[in-house]
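Please consult the sequence and structure shown below.

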Amino acid sequence: MNYISTRGKVANISFKDAVMMGMAEDGGLLVPSSFPQIDLASLKGKNYADTAFEIIQCFADDIPADDLKEIIDRSYATFSDPKTVPLVKIKECYLLELFHGPTFAFKDVALQLLGNLFEYIMKERGEKLNIIAATSGDTGTAAIHGVRGKDNITITVLYPNGRVSPVQEIQMTSVTDDNVHTFAVNGTFDDCQSLVKTFFSDLEFKRKYNLGAVNSINWARVMAQIVYYFYAYLQLDTDERVNMVVPTGNFGNIFAGYCAKQMGLPIDLVLATNSNDILHRFISGGDYSLQDVKPTYSPSMDIQIASNFERYLYFLFGLDTDRVNDVMTELKEDGKISFYDDEIEEVKEEFKSFAANNIAIKIAIAGVYKNNNYIIDPHTACGVEAANVLWLDPEETIVLATAHPAKFPEAVSSALGVEPTAPEELQKLQELEISRNVIDKDIKTVKSALEKGFI
Ligand SMILES: *Cc1c(COP(=O)(O)O)cnc(C)c1O
């Protein structure tokens, strides 16, 4: 499989090189040059790791099958549920519980694998890697747990000061391995992400330190997430189309669903946002204009500039890289993208959408608890509320449950008056002190702070 950039100036990249490159060197994102078609019958009855192997080997064909199998098995052995990502029925829908990995959010599904892929490629090439990551909370946590203690790899995480949940902050800052560094940036997630993009665009700096990306600009993350769309569908034992409702921030998770659909999976995609609703405004009315980021109960979705959206645009524009370049320039200069009517029509056929404000989030948490005695987290709540409001058939709808509710106890207790019971690993963390390295969002300051931790 070859990878090409959405901006047209990078092509013929192998899987391993795509993993190492992160963002394409022309500023675009890497996408596969074609979508392999998957025979659903061949996956029936397979466990999660075996399903993952069948799908991932189509994309990672430059890693010998035995090695790839071993990497995948090891990556999912860290999940506490025997089904890895179990499907649970509640009255409103099915929930795909993606939070049984080490940090209790769905990002572990991709980052456990990516950490092991990095380690494998570094060993083979005899190189060192310095990862930098921007996080709205869960990516940084999951990335740290994906690479902590690994040889020849460091990770530095930038997160918005005061805008991640206390549990997320402790999960990141309490890791004491020498190769892990964290900074609380005075700014928003978009500021953190823009800093990381600036460092990756500085090709001299990028090559000098061999920078690696764990944000969902890295193709391997999207790839790993494609797997659970197939796995979830096959658990249902149906031939019908199924709705997949996806709580969305950076458009990474739902883009994986789009890829699964291109690979032959019969699903309809429903995008759920919180009050940071640029993607909902776009799908429902073609309005893609940036607004300020509003803090909500679901901080991992407090995003305006959804990086992975560019991957979707490339396909929406019929692989026209000139048009991708034009609209990305428009977004940078004018804070908006203008679309043609036929494009907006196509988007409406591809996705349904809904934006859940904080009240709707609380209503969904309370409703699910009342009906099922089951507690959902505030991100999953955006998805469940979308399923409710759009009248999706509970028997044919899967909402992706992206985090364990105990990661976001404030939102849950304001909806229910009781806090979710934290798993033992999270309870232990609450006894620890947060050690916070606050830093201003100035590029020079951040750059020199980063260099101190690099190998
Ligand atoms: C990251 C995250 C999301 C959003 O996923 P994207 O891939 O950025 O769209 C939703 N819920 C939780 C809990 C997350 O951590």
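## Basis

The model is predicted; local features need pLDDT of at least 70 and side-chain atom pairs count only at pLDDT 80 or more, while totals for chains, interfaces and linings use all residues. Residues are numbered from 1 along each chain as its sequence is written, and side-chain values use heavy atoms, without hydrogens and water.

## Ligand contacts

Around the ligand are 15 residues, of which K107, D138, G249, N250 and T402 come nearest (a near residue has a heavy atom within 4 Å). Polar contacts are pairs of N or O atoms within 3.5 Å. A polar side-chain atom of K107 lies 2.5 Å from a ligand oxygen atom, and a polar backbone atom of N253 is 2.9 Å from an oxygen atom of the ligand. An N or O atom in the T402 side chain is 2.9 Å from a nitrogen atom of the ligand.

## Largest cavity

The ligand sits in the largest cavity (more than half of its atoms lie within 2 Å of the grid points). A cavity is a set of points on a 1 Å grid over the protein atoms alone where a 1.4 Å probe fits but cannot get out; lining residues have an atom within 4 Å of a point. This cavity holds about 270 Å³ of space. Its lining comprises 25 residues, with F106, K107, G249, N250 and S300 closest to the centre.

## Second largest cavity

The second largest cavity holds about 40 Å³ of space. A134, Q193, V196, K197, N215, I217 and S307 line the second largest cavity.

Definitions and conventions. A polar contact is a pair of N or O atoms within 3.5 Å; within protein, one must be able to donate a hydrogen and the other to accept it, and residues adjacent in sequence count only if both atoms are side-chain atoms. On a 1 Å grid over the protein atoms alone, a cavity is a set of points where a 1.4 Å probe fits but cannot get out, and a pocket is an open set with protein on both sides within 12 Å along at least five of seven lines; lining residues have an atom within 4 Å of a point. Grid points are joined across faces, edges and corners, and a volume is the space filled by probe spheres set on the points.
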